[in-house]
Amino acid sequence: MSQSHVAYELGTQPECWERAAELAPGRRAVLPQPGERAAIVGCGTSYYMAQAAAALREEAGQGETDAFPASEFPLHRRYDRVVAVTRSGTTTEVLELLAGLRDAGTATTAVVGGPATPVMALAGDLVVLDFADERSVVQTRFATTALTLLRAHVGRHTAAAVADARTALAEALPERIALHRQFTFLGRGWSVGLAHEAALKMREASLSWAESYPAMEYRHGPISITGPGTVTWSLGGAPEGLSAQVEEAGGRWVEGRLDPLAELVRVHRLAVAVAADRELDPDRPRNLTRSVILAAGEEAVR
C-alpha cells in the first residue's frame, strides 16, 4: 500500500517547524505586540492550536489573550488584534468573522496555508505558510507549524522541540498501543489545547473513542471510564499520583516524555497506526471535507 498523504505530511513536521521559527521575526509587526489585548480564532484543529497559542502568549507575559471558535467570537468585545488560523483560507465562519471585524475597524491577521484564497480580501495582514500546506483532509503539519510560528513569536520555541519531533517520528510507538480502542489525552496549561487536538486526530483518522481534559480535571469524573482496554496519555507534566490511579483502575498510562508539541506528533502516528489496524484510509475520513464551506443561510452542525 502506498503511503497516505497524512502519513507523509506528518513526517515532514520538524523541517516545517524550523522554517516557521525562521519566518517569525520577519512577521513580528503583523502579530500581536507585547501588551496588546489579542484573540486567536480558528475552526476544528485550528481552534485547538489557537487555544494553545493563547495560553503560551499569556504564560510568556505578552498580554491578555483569548481563543475562540470563529463561529463563537464575541463581537461585543474589543481587541487590539485578532489572529485567524485557517489552513484553506476558505472556511465560511472565519471569512464571515473577518468581514465583521474589518467593518468594525479591528486589526486582523490570517495565518494561512496559501495566498490565493478568499481570506486575502478580508484579513488586514497575512502570514502565508505555503511550505506547510497539505493535500490531506486531516490536518497535521499546517496546524503544528502555525503554532510554532506563534510560539516562536512569543519566545517559547526552542531547537529542542524540533529535536523531540524527530525523536517522535523515529522511535517505536508504545508496544501494542494501536490495539486499544479508547483513548484519553490530558494536558496542562498550553498543552490542554494539544490534548484536545490529539483526541480530534484519533476521532478523525481512526474513528476511535477519544476524549481530552485538563489533567487536574480528569479525577473529577472522567476517570470513571478508565479500565482494561483504555489508554490515558499525558501531553506535558501529569499531576502527582495520577498515573498510579489510572493503572490501579486497569487502564494503560502513557507518560509524555517529549516537548508537548512533539508528543502530539507521536499521537499523529498513533492515529495512522490505528487506522491501518482497522483497515481505514486516513486520507478519506468519514463525513469530513478539507474545508467547511456553507451555502448562504446555512449553519455548520454543532
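Mentor: Let's start with helix H6 (residues 159–170) and helix H9 (residues 260–277), which pack at an angle of about 20° with their axes 8 Å apart. Two packed helices are described by the angle between their axes and the distance between the axes. Here an axis is a line fitted to C-alpha atoms, for helices over the stretch in contact, and angles run from 0 to 180 degrees between N-to-C directions. Helices (H or I, at least four residues) and strands (E, at least two) are DSSP runs, numbered from the N terminus. H6 and H9 are therefore roughly parallel to each other, a label for angles under 35 degrees, whereas over 145 is roughly antiparallel, 65 to 115 roughly perpendicular and the rest oblique.

Which residues make the contact of H6 and H9? From H6 come Ala-161, Asp-164, Ala-165, Ala-168 and Leu-169, and from H9 come Ala-262, Val-265, Arg-266 and Arg-269 (contact means heavy atoms within 4.5 Å). Six of these residues are nonpolar, none is polar and three are charged. In this grouping Ala, Val, Leu, Ile, Met, Phe, Trp, Tyr, Cys and Pro are nonpolar, Asp, Glu, Lys and Arg are charged, and the others, Gly among them, are polar.

A word on the source: this is a predicted model, in which local features need pLDDT of at least 70 and side-chain atom pairs count only at pLDDT 80 or more, while totals for chains, interfaces and linings use all residues. Residues are numbered from 1 along each chain as its sequence is written, and side-chain values use heavy atoms, with hydrogens and water left out.

Four strands form an open sheet in the order E7-E6-E8-E9, with parallel pairing (two strands pair if DSSP finds at least two bridges between them). Strand E7 (209–214) and strand E9 (252–254) are at the edges with a single partner strand each, so one side of each has no neighbour in the sheet. On average, neighbouring strands of this sheet are turned by 20° against each other, direction ignored. Strand E8 (residues 230–235) pairs with E9 in the parallel sense over three bridges, and Thr-232 has Trp-253 in E9 as its bridge partner. H9 packs on this sheet, touching E6, E8 and E9, and its direction makes about 155° with that of E8. Helix H7 (residues 191–206) lies across strand E6 (182–187), E7 and E8, and runs at about 175° to E7.

There is also an open sheet of five strands, ordered E2-E1-E3-E4-E5 with parallel pairing. Its edge strands, E2 (65–69) and E5 (125–128), each pair on one side only. Helix H3 (residues 45–59) lies across E1, E2 and E3, at about 175° to E2. Arg-57 is found in H3 and is buried, with a relative accessible area of 3%. Buried means under 20% relative accessible area, exposed over 50%, and partly exposed in between (1.4 Å probe, protein chains only). Leaving aside neighbours within four places in sequence, Arg-57 touches residues including Pro-32, Glu-36, Glu-64 and Val-154.
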